[in-house]
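Hi,

Here is the structure I promised to pass on. Have a look at it first, and then read my notes below.

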Amino acid sequence: MRKDKPNISFEELYDKVSTYIFNEEDKNVIKHAYEFAKEKHAFQKRHTGEDYITHPLNVAYILSDINADYQTISAALLHDTMKECDVTKKELEEEFGLEIANLVDGVTKINKLNFSSSDNEAMLANQRKIIVGITEDVRVITIKLADRLHNMRTLWILSEKKQKENAIETLEILVPIAHRLGMNKIKSELEDLSLRYSKPDVYFSIVEKLNQTKVERNSNVELMKDALIKLLNSHGIKHKIKGRAKSIYSIYKKLDTGRRFSDIYDLNALRIFVDTEACCYQTLGIIHSKYRPIPKRFKDYIAMPKENGYQSLHTTVFGENGQLYEIQIRTYEMDDLAEHGVASHWAYKEKGKAVLQSAMEEKLQFFRSIMELSNEESNDEIFVNSVKEEILKKIIYVFTPKGDIIELPLGSTPIDFAYKVHTKVGDSTVGAIINGNIEPLDYKLQDNDIIKINTSKTATPSREWLNMAYTSQAKNKIKAYFNRIDKEENLKKGEELLLKALKRKKISNVEFFKEENISKILNELNIGDINELYIGIGSNKYSPLSVINILQNQELTKEEIILSKVNSNDHVDINIKDDIIVEGIDQIKVNIAACCKPIKGDNIVGYITKGNGISVHRNNCPNISDIEERLIDVKWNDNVDKKYLTNILVRANNNKNVLMDIVAKTSTQDITVQSINTINTTEDFLFDISILVQNKEKLDKFIRDLEILDSIIKVERIIK
Ligand code: MN
C-alpha cells in the first residue's frame, strides 16, 4: 500500500478482504461495523480536516494487508467508538458479540494509558510489558500497531513538538513490540516514519543519497538477477528472485555504528525464494560454487532462527560487474513469517485463529505473569501501578561482559544466566565470575551484576544444576540435555547389540536393513522409526533376536536382491560408457550402480546384468559380494574429466549450523550439492546429501574436513 494514499474507501477495503474472507455472514459483520462507526463518528473530523471515519478505514486496511480475520477488521473499524463517541462496551456486545466488543475494549484500554517518556531503559521495558500485559487477546496489539501506523502516516499535520514526542514513543515502545511479534513490515514502516519526524535532516539526506545511486544499483541488481536465474535454472531449482530495498532506518542504524556511506549504498541486495528448506542450502551451495563468498558473512538463521522466529540464509558474494551482493535465501513461508511475524498465521486459513493465538502467546510468554494480574484489577490506574511495582520487584537486569542487558527474574543464578545467553553456553558452563570475583554457581544474582561465564568444550551439565537453576527455561534445557544423553547411550548400545546378533546369525546388514524389512519390524512393534527400535533394544525392551525373528520367513537370496536392484526402475540410468573402459568389450551399455554410486578413483568392478548391460559397482559393495561368474573387470577412463554423483550420510549431534558448515566446505572445494534430504529421527540429526564431485581423492578430503567439525559425528558414503 502506498503511504501517501490519501483515503481508502469502504469499497476498496471490502474488495481487499473479499480476496481472503469468503463467508458472506462474516463480510456482513464488517459492513455493519463500518456503517455503525460511520454514523457514530458522523460529525467528527481528524486533525487533517478529513472525516474521522477515514482513520478507522485506513487502520482496517493496514490489517487487511496481513489477512486479519473479520473480527479484527470489524474491531479496527470500531476501535475509536468507545473513546471518541462514548459508545459502551455493552452496546458493542449487543451489536457485534462479545469477541469484537472485547477487542475494541482492549484497544481503548491501551489508548487510555499515558506513559510519560522516560530515559530509563527498565521503565521503558515495563511500559512495553504493560501494553502487552493488559491484552488478553493478542489481536488487540495488532490493531494498536495498525492504529499507530496510520497516525504516524498522518503525523505531518501535528506540531513539531508533538511529532517528536510521537516518534520517540513509537520507537521506544511500539517498535519493540512489533519486533517481538516479528511483524517486520509494520515495524519497518514505523521506524522509517519515526526517523523522519525525530531526525528529519538525517532522514532526508539518506533518502537523497539513495535516490542518487538508484539507477546504478538497479542495473547491477538486474544483471546479477539474470545471472542467478540462469544459474539456478540450470540446476533445476524452482525459485523467484527479487531486488530488495533497504529500509531507511536500517541504513541510519548502520551509519550510526560508524560504517561509511559508500559501504552501505554500494551494496546491492537480492532475495531468493525457493520451495523448501533443503532447497535454501542447495541454492546457497550453487551460488557459492560460482561466486566467491566473503568469509564470515554467511548467517544461518534457518538452523538458528532469531528470537522472534525470523528465518533465512544470508550471504554476501562477489558477483557480476565486480560488485558485492547481499543475498538472502528463504522459503515463501519463511518470507511470510519474516514480513508479518505471528500475524502470518492468518494467511494459513485452515489453521485459523487458534494457531494465531497460540503462536502469539508463545511469543508473549515473557509477559504472561503480568497477564494473570489483569483479571484482579479493574481500575486501570491501580492496575498499571501494581504491575509496575510487581515488575520492578521481581525482575533484575544484569550484564554480559560486553554490556548486553539480560533480564531475569529475581532469584536467578549464573546457571539461569548462562542458559538465557545460549543453550551451548549453559551446557558447557564450568564457573562464573561476577563483578570480577569467582562465585559459586548457586549465587543469587543481583541487579546490575556483570557476569562472565567460564565454559569448557568438554564440560557437560550436572544433575545438581536442576536444584540450582531458578527459571523453568534453564531447568527444561538441563532436563533436555539428560534426556538426550540417556537416549543416545541406549541408541548406541541398541545398534551395537543388533549388529552383533546379525553377525552371529550370519545375516547380512544390507539384507536386514532393506526398507520393507525395517518397516515390517516397525509396524509389528508399533514404533515410529529405527532409532526408537535401537533405543528399545538398548533399554532391554526388545531382545535383538526377537527383532530378527520378525523377519525370519521373509528372506531373499542375495542374487534375488541384486537382480531386483539392478533391474529396478529407481536405478539411475546414467550412460557413462565413455568414462569406463570395459576390458575386451566395446559398444556395451554401462551404468553406474545406484546402490553404491562409485566415483572416479574408487576401485570398481562390473556386473553383467541380464539384458541391461554392465552395472559398475564399488569393489566393496555388498550387493555383488557373492557372485563371481557375472563380474567383469572395468577401469576408469583417465581421459575423461567430469563430476560424478554420489551420496554421503552425515550424522550430526545437533542441527545448528551443520548444513551451513557443509555447504561452506563444498563452496571451497569445488563440490556441488545436488540435493539434501533431512532424515527425520528423534534423537540424531541425519542428512543424506547428494553431491557432484570429481574423484575419490577430493571426496575423501571433503569427508575428512567435515569430520573435523565439532558438530559432526560421522560422515559415511552410502551404499543402499
Ligand atoms: Mn485510532
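**A charged patch on the surface**

R259, R297, K299 and K306 come together on the surface as a patch of positive charge. For a patch, residues need over 30% relative accessible area and no salt bridge; like charges are joined within 9 Å, and nonpolar side chains (Val, Leu, Ile, Met, Phe, Trp, Tyr) within 5 Å. Lys and Arg count as positive and Asp and Glu as negative, while His and the chain ends are not counted. The place of a charge is NZ of Lys, CZ of Arg, CG of Asp or CD of Glu. Accessible areas come from the Shrake-Rupley method with a 1.4 Å probe, and for residues only the protein chains shown count as cover.

Before you go further: this is a predicted model, where local features need pLDDT of at least 70 and side-chain atom pairs count only at pLDDT 80 or more, while totals for chains, interfaces and linings use all residues. Residues are numbered from 1 along each chain as its sequence is written, and side-chain values use heavy atoms, with hydrogens and water left out.

Helices (H or I, at least four residues) and strands (E, at least two) are DSSP runs, numbered from the N terminus. R259 is partly exposed, at a relative accessible area of 33%. In these notes buried means under 20% relative accessible area, exposed means over 50%, and partly exposed is in between (1.4 Å probe, protein chains only).

**The manganese site**

Which residues hold the manganese ion's protein donors? They are H55 (NE2), H79 (NE2), D80 (OD) and D147 (OD), at 2.2 to 2.5 Å from the ion. Donors here are N, O and S atoms within 2.8 Å of the metal (3.2 Å for Na, K and Ca); water is not among the atoms, so sites may look incomplete. Along the sequence, the spacing of the donor residues reads H-x23-H-D-x66-D. H55 belongs to helix α3 (residues 54–64) and H79 to the loop between α4 (70–78) and α5 (81–85), so this pair ties together parts that are 24 residues apart in sequence. H55 is buried, with a relative accessible area of 1%, and H79 is buried at 1% too.

**Salt bridges**

Searching the whole structure turns up 27 salt bridges, each one a side-chain nitrogen of Lys or Arg within 4 Å of a carboxyl oxygen of Asp or Glu. A few to look up:

- R139 pairs with D69, with 2.9 Å between the closest N and O atoms. R139 is in helix α9 (residues 139–153) and D69 in the loop between α3 and α4, so the pair ties together parts 70 residues apart in sequence. Both R139 and D69 are buried.
- E94 and K90 meet at 3.2 Å, N to O. They are four residues apart in helix α6 (residues 89–96), so about one helical turn separates them. E94 is exposed at 61% relative accessible area, and K90 is exposed at 57%.
- R148 bridges to E169, the closest N and O atoms being 2.7 Å apart. This pair links distant parts of the chain, with R148 in helix α9 and E169 in helix α10 (residues 160–180), 21 residues apart. R148 is buried at 9% relative accessibility, whereas E169 is partly exposed at 24%.

**An enclosed helix**

Why is helix α20 (residues 414–421) described as largely enclosed by the rest of the structure? Because six of its eight residues are buried. Those buried residues are P414, I415, D416, F417, A418 and Y419.

**Two lysines with positive phi**

K506 has a positive phi of about 55 degrees although it is not a glycine. K506 lies in the loop between α23 (472–504) and α24 (509–512) and is exposed, at 75% relative accessibility.

K597 is not a glycine either, yet has a positive phi of about 40 degrees. Is K597 buried or exposed? K597, in the loop between β12 (590–592) and β13 (604–608), is buried, with a relative accessible area of 12%.

Cheers
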